[in-house]
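Biologist: Can you put the model up? I have a few quick questions.

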Amino acid sequence: MPKKNFDLQAVKGTHDILPQDQFIWEKIRKEIREVAEIYSFSRIDTPILENLDLFKRGVGEATDIVEKQMFVLTTKGGDKLVLRPEGTSAVARAYAQHGLSHLSQPLKVYYEGPFFRYENPQAGRYRQFHQVGFEVIGGENDPIYDVQVMLAALRLLESVKLKNLTIHINSIGCKVCRPIYKKHLLSYYKNKKKDICKDCNRRMTQNPLRLLDCKEDKCEQAKKGAPNIIDDLCSVCRKHFKGVLEYAEELKLPYQVDPFIVRGLDYYSRTVFEIFMEETSQSGEKITGPALGGGGRYDFLFESLGLKSTSAVGAGLGMDRIVDVIKSNKINIPVKQKNKVFLIVIGIEAKKKGLELMEEFIEAGINISESMGKNSLGAQLGSADKAGASLALILGQKEVFKESIIIRDMKTGVQETVLLKKVVAEIKKRI
Ligand code: ATP
Ligand code: MG
């Protein structure tokens, strides 16, 4: 007997992707492959399990991800592992581990798969979600690469017909100028401790830039008059930022400079960006939807991991959010019509013959659906209808005996009998 009150729900924050939604996911995956190929990104797959230290050192101890969002587990041998919360640190690890710096640089790679964060589940926010990421690693830290990853991310979103996309771009400087900005920011917040949330009070000592990232209402209010980081950029960062904007202009990317984009991860330097879709509210007002993706330059990540300094830039997009937006905007993704032909068999001899016939069809490249476990003609016709079949092939005892088969047009109900040996050729003509 099963245990009483056994919870048969998917684990909190996780969700099933059901057969009827797979065509949307498949479409996104297909477009990922296509965009990757066009822009020369090769696929990389890293394990779902990584060492805890990788993210502590890569993403940073004072980030939301490391502080409170990781699924950590201890193996029987006592190792501390994590279900990967993000992809960039893992790709950097793989790059170093396999000496990928010896390949032609920069190395352009992409990945796609599940990621895990212990967050408060809500619309568009899951504990197991899926990301696609594009990374350009090694070579020069030229702003052209920053724009190339933005472009790949944007083209992917456009390829699934998302409209009104905007890239919010900012620069968070480098080791030289960021400390100066942090000082200015802290002096702005000095008298605002009461106006910001508990987390932000903690951020003031641990990670002040993240004060600008908080989504609490009162913190959104408090940050309105905050100093702009662009004013504090050193000349090298300023030049880099100018380069990014010039290339973005050249490509006519739909971008805007947004000094409040800081990103929650420690490894970013200089360029950071997020991509949003503008939506229209019920009252007709323009609103910014959830972030569909984000990224930036991470020239210091490799050093934080104790590796040789390597410049790099990347973007990550949330596939679940893309699917949600496709659904809520009723974007038409064409469903591939398959299994148009349905085989119906009546009696044991017909079942045997039917199995053989299915193989012939498969060899001819035609997929056949069936519900051969059902006995009656009526039940099988019902299944054919539900499956959306346009043609049914009916094989009864009489037909087996006469080596023939009935072709039924499911729409009109018109039937005709053909010789069994000719049926594959006949169906080929019709679909
Ligand atoms: P947010 O500010 O929404 O928490 P983030 O900055 O934490 O996003 P990133 O780490 O930049 O997110 O991940 C890139 C993209 O992955 C996000 O823009 C979003 O589309 C998606 N994403 C991040 N966290 C989740 C989640 N918990 N559930 C679903 N999608 C997510
Ligand atoms: Mg987050």
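Modeller: We can go through aromatic rings, then the ligand, then some backbone details. First, this is a predicted model: local features need pLDDT of at least 70, side-chain atom pairs count only at pLDDT 80 or more, and totals for chains, interfaces and linings use all residues. Residues are numbered from 1 along each chain as its sequence is written, chains are lettered from A and ligands numbered from 1 in the order in which they are written, and side-chain values use heavy atoms, with hydrogens and water left out.

Biologist: How many aromatic pairs does the structure hold?

Modeller: Nine. Rings of Phe, Tyr and Trp (its six-membered ring) pair if their centres lie within 6.5 Å; planes under 30 degrees apart are stacked, over 60 edge-to-face, the rest tilted.

Biologist: Why is the pair F41 and F134 edge-to-face?

Modeller: Because the planes stand at 70°, with the ring centres 5.2 Å apart.

Biologist: Where do F41 and F134 sit in the chain?

Modeller: F41 is in the loop between α1 (22-38) and β1 (42-43), and F134 is in strand β6 (residues 128-137). They are 93 residues apart, so the pair links distant parts of the chain. Helices (H or I, at least four residues) and strands (E, at least two) are DSSP runs, numbered from the N terminus.

Biologist: Is F134 buried or exposed?

Modeller: Buried, with a relative accessible area of 0%. F41 is buried too, at 6%. The cut-offs are under 20% for buried, over 50% for exposed and partly exposed in between (1.4 Å probe, protein chains only).

Biologist: Which residues form one aromatic cluster?

Modeller: F41, Y110 and F134. F41 also has the charged end of K108 over its ring, 5.9 Å from the centre. That requires NZ of Lys or CZ of Arg within 6 Å of the ring centre and within 35 degrees of the ring normal. R84 lies over the face of F115, at 4.1 Å from the ring centre.

Biologist: On to the ligand. Which residues come nearest to ligand 1?

Modeller: R117, E119, Y126, Q131 and R263, out of 15 residues around ligand 1. A residue is near if one of its heavy atoms lies within 4 Å.

Biologist: Which elements give two or more residues to the shell around ligand 1?

Modeller: β6, β10 (286-297) and β11 (312-318). The largest share, three residues, comes from β10.

Biologist: And where is R125 found?

Modeller: In the loop between β5 (107-116) and β6. R125 is partly exposed, at 25% relative accessibility.

Biologist: Backbone now. Which residues does a cis peptide bond join?

Modeller: Q105 and P106, with omega about -5°. P106 is in the loop between α4 (88-97) and β5.

Biologist: What is the phi of K330?

Modeller: About 50°, positive although K330 is not a glycine. K330 lies in the loop between α11 (319-328) and β12 (341-345) and is exposed, at 73%. E403 also has a positive phi, near 50°. E403 sits in the loop between α14 (397-402) and β15 (404-409). It is exposed, with a relative accessible area of 51%.
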